[in-house]
Amino acid sequence: MDIETPQIISDWREHAAEVKVYIVGFALSILLTLTAFVITIAHILSGWEIVAVLIFLALIQLFVQLIFFFHIGSKAQSKWNLYIFLFMIMIVSILVIGSLWIMTNLNSKMMPTTKQMIQYMNSQGAAL
Amino acid sequence: MEDIDTQIQEAPKYDKTDDTIVFGFWIYLMTDCVLFAALFAVYAVLHNNTFGGPSGSQIFSPHYVLIETLALLSSSFTCGIGLISAYNMQKNRVIGWFSVTFLLGVSFVIMEIVEFAHLINVGNSFKRSAFLSSYFTLVGTHGLHVTVGLIGMLILMIRIYTKGLTKSSVRRLTLLSLFWHFLDIIWIFIFTIVYMMGIA
Amino acid sequence: MKKTLRFIFITLILLCVAVFGTMFLLHGKNIAVLNPKGLIASKEKGLIITVCLLISIVVVPLFFLTIFTAYKYREGNDGANYSPEWDSDPLLEIIWWAIPAAIILVLSLIVWHTSSTLNYYKPIKSKVPPITIQVISLDWKWLFIYPKEKVASVNFIEIPQNTPIDFELTSDTVMNAFWIPNLAGQIMTMPGMETKIHILAYNKGTYYGVSSNISGSGFAGMRFAVQVSSLKNFNKWIESANRSSNILTMTSYKKLAKPSSYNHKKIYSLKDTGLFNAIVENYMVPVFGGPIMLTDSKG
Amino acid sequence: MNILGKLSINALPHDMVTLGGAMMMIVAIIFGIFYVTYTKRWSWLWKEWITTTDHKKIGVMYIFVSIIMGIRGFADVVLLRTQQATSVGASHGIVSANHFQQIFSAHGVIMIFFVAMGFLFGIVNLVLPLQIGSRDVAFPFLNATSFWLFAAGMVLMNASLIIGNFTYAGWLSYPPLSELKYSPGVGVDYWIWSLQIAGLGSLFSGINFLVTIIKLRCKGMALMKMPLFTWSVFGTMSLVILAFPILTVTLALLYLDRTIGTHFFTASGGGNMMMYVNLIWSWGHPEVYILVLPAFGIFSEVVSVFSRKRLFGYRSMVLAIWAIVFLSFIVWLHHFFTMGAGVDVNAFFGMMTMIIAVPTGVKIFNWLFTMFRGRIKFNASMIFFLGFIFLFTLGGVAGVMMAVPAIDYQLHNSLFLVAHFHTMIVSGVLFGDFIGVMYWFPKIFGFKLIDVYGRVAAYLWIIGFVVAFGPLYILGLMGATRRLDHYPAYTGWQPLFIVAGVGVFIIALAVLFQFIQLIVSYRKRNDNIDITGDPWDGRTLEWSTSSPPPFFNFAILPEVSNRDDFWEKKQRGLNSNNKEYTDIEIVKNTPIAMYIGSAACLFGFSAVWHIWWLLILSLIAVIVFIMIRTTDEETEYILTASKVAEIDKKVQWKI
């Protein structure tokens, strides 16, 4: 797939990288997705290990996409793109992790314990 | 498909308003990230509340979702290549690559609609439990965004086909490809957190 | 004209502050939060005073400094020196970054300590055996259940003094909050969830509790009375309650759960002790997939 | 499924008070239409205002809308206070409980969303492009659309007074009370959609101003040379873009719960109502800092100009703004300490909430030392500012008290809390907006406001505030919770509620004086015309233009070399008179922004009443308008250099 030399290049050109950068990025994403897929299908890990590995793979793929497709931090883009992106990532992680921490804490304090559930089910059973 | 465009278009300059518009669109993408982060937080909190209904592993089929993901990933790739040929002012290549992207995008959306329809027919609709409500809303919002992107792509291709690679069209192509790559990243997280963790 | 105008209004402002002060003293006795009758409330009152004193270290000098600066550097006073270019002084910056930060550090330690001691999940240690009361907030009234004593009551509870009371709270309608200002802080009651609070009352007397979270049109009528009496009177009240004619069963509970407000005090004797758990579980998984036996609460 | 969804004749108001309110509003609208047709100004209104994309005109429209909504919000206050003063023991006051709850919900939404946010975006629109030396905001058309979305939200909100009712579950309607089972009416839907549309407008404005500040600063204006007000808008807009999407999601999920039967926040079906409280407050707390940060920026500008001194501690003021921006995202749990979270969660968020007092305290000390060794001119703004220092600090004391979880258990949702946040918002945001309007009024309208009425209004505002909210602090400690429409006589609260009612009367007097100031200054505008364009001997760029500035702001974009550049130039007497004019691109006026706003309002109305065909129709209308706008190639016209020179000459002779 040869891209013969183009006659006119618009000065947007430096905003997109070379074709091979896209190919490498694409290959890496496919690879990462397949590894995540295989690990889940094989059920070799369980519980928090699989969660940690999957999150790790997703983060790598995030960086791959950012560098190969978004060219984040490249000189073509102003540095403000990167600053706002990092600020957003910080706030989003505070919100998501904060919410999860709060909600699991609230649920553990308030959801009726399994003991009560069983006792209720027996009383239900008896009532039938 | 003649390689050299007959009417050689004067290559559009990248001036200050383009820079502001692309930067403004980038900030819009950041706000969309926060929107999806809120939906992910809701899904993460509610995914165990199945209220007696099916849990993730019972309703997700891994192979189906893998095909969807590969379709979206490759559409993101073809979109990138299409953008490069747009910057090289090759109109026909642009239309070629972006129609491939369009087809892959449409197939992704159709597969998703089929999956939703199947779930609803079986009775696991969004009314059934909080888990299913948050699943439908998270994946549905992403599907909605992809559909909006596809409509935008269609309109842009028609405009490029008729008026050629004008200054605004090249800028809009850049915005469209930014949006498309952004949707691809969101789908990676949906694929990992919703489907993979649901199945594992 | 400018001077008189300013003079009139400043005296008026001082007058209002004075009126505000006298109102505060006048109502001193029945300011519930500041006349605690229970263990938790008195600790909270002590905490309010310590926090106010700590903050006033910064606030009082600030007020005097403001009045001084406003008066000394006013336009007419040419005596005061005028240095328009003086716009930063590292020493001053350090002072008003560091001192408030230090005070906040001390306050944070207080926060850490008091959130663990005054935490509503921590039972109160006392030699006297605790009494458990189950609280269910309904559409604009409170239902109290004494599981061991098999007594239930609406908008009224009688508790013995100096005995720790363990409250288990839930709601069968919307969110409410259970608050007795004289005795302890408030805790929210939510359907499908069970929250706890522990209260110990010192002095005898009648105090009032409220719902402090908006719950619909009859919200203002959700006041209940708390009668703190000696152990002897409490046991007498329990016997009279056991003999009371109206009996709280599932059917009479469902009739009670119908929306009504400003309900008068009503005493029941209790037949089904599992009522509280049934109400909490009602929102959980529908057992055996069958129809829910309690009020149709499919929110 | 009838053609009009849930809309039917019995949606019209039944009881007297709503009917009265609805009648007054309709009479006001009819009078307005009659006045405009009588003075034959429809074409002027259309050409100058409805189709404008000029940031200054949009700013004036924002402030006009927020003043109108301020009047309605204040009418609600009068109803609330008379109800609470009279509804004791046997008597149940002037309105039913349900209607009372609708009034305070409407009061909350109006005052936060349409008055405070309206003033905020109004003043930022008026001043920001002028301060950073740019011709207009980054996306003028988007700016007009954001205003019309804001106005659409306002219209939808007021429609609930005439057709249907409003939510009775408070300004942040918590489920399950706001779920379908307990609020079957359209009230909550009205609340959702007026907030959703206005929120979308705010989000677009946030993006617009952020890009303006980052990209359109004039040559030489590095970040550390920007005026403090621009810094505070920079912080505010980064809060807006990161907080408002959460509001959009939360409202959308609640709407889905109520319409298609999903189970996000319902009591049963696995829903978790606590997640709603968590989400709405992770937007809610940044929102209150969005309101107060620009007011801090206004204070910094005004205090340094009226003390005729450079702002003290510029660098630490900027640091304080960004400390507040960051901290506002990690404190939201202090709004629900009493929900039952564990010790570590409550303690962490209590400590984080306390830390916010440090940067706020630093700002107040820095303003104080700006006044120190200055020549303070005690006009209305400075009196408002002194009122701010005293009241805001007392409000801050109450805030730090309630930051301690153990104390918050006693004071949460009591009138103490109500008095606290009113102190912060009235003395912080409202006083800041009054100062901002009085300070920049000559720049936009060309004549100064008469100061004596302003001073009287300022004093009356401070006295009225102390008399209205002093008793509320005491009532809160006495165990009076918020949102009570009736209380028994034995509580002994009635005298305090009556004093609060008197306080509201004094504030009404103050507002009257503010209107008098506006009208008398307008009538006598020829006496105090602002000829020099710099009435207060200002320090920042906006005073270098004429007042009112030409629609392109600067004939030649200024060049800045240090912080208070305009002040430095005045000291050195430099005024560059070798002016070579260049062509300027100006965005044409376009009605499409208003069309998108009205289509959005129609979309909201049909979403509320479930008129599905109208919903789809209005959505298509919005898409069609956007496509018309994007296909239109010549959206800008070129102002030739000679014309610019001509306008500039006409303006210059005045200075």
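A residue is termed buried when its relative accessible area is under 20%, exposed when this is over 50%, and partly exposed in between (1.4 Å probe, protein chains only). The structure is a predicted model, in which local features need pLDDT of at least 70 and side-chain atom pairs count only at pLDDT 80 or more, while totals for chains, interfaces and linings use all residues. Residues are numbered from 1 along each chain as its sequence is written, chains are lettered from A in the order in which they are written, and side-chain values use heavy atoms, with hydrogens and water left out.

With a salt bridge taken as a side-chain nitrogen of Lys or Arg within 4 Å of a carboxyl oxygen of Asp or Glu, the count over all chains comes to 18. One of these joins B:Asp18 to B:Arg171, with the closest N and O atoms 2.9 Å apart. Because B:Asp18 lies in helix H1 (residues 16–46) and B:Arg171 in helix H6 (residues 167–199) of chain B, the pair ties together parts that are 153 residues apart in sequence; helices here are DSSP runs (H or I) of at least four residues, numbered from the N terminus. Both B:Asp18 and B:Arg171 are buried.

In chain D, a salt bridge between D:Arg310 and D:Glu568 has its closest N and O atoms 3.1 Å apart. D:Arg310 lies in the loop between helix H8 (273–306) and helix H9 (314–327), and D:Glu568 in helix H17 (residues 565–572), so that this pair ties together parts 258 residues apart in sequence. D:Glu568 counts as buried because its relative accessibility is 14%. Through salt bridges that share partners, C:Glu85, C:Asp87, D:Arg310 and D:Glu568 are joined into one network.

Notes: Helix = DSSP H or I, 4+ residues; strand = E, 2+ residues; numbered from the N terminus.
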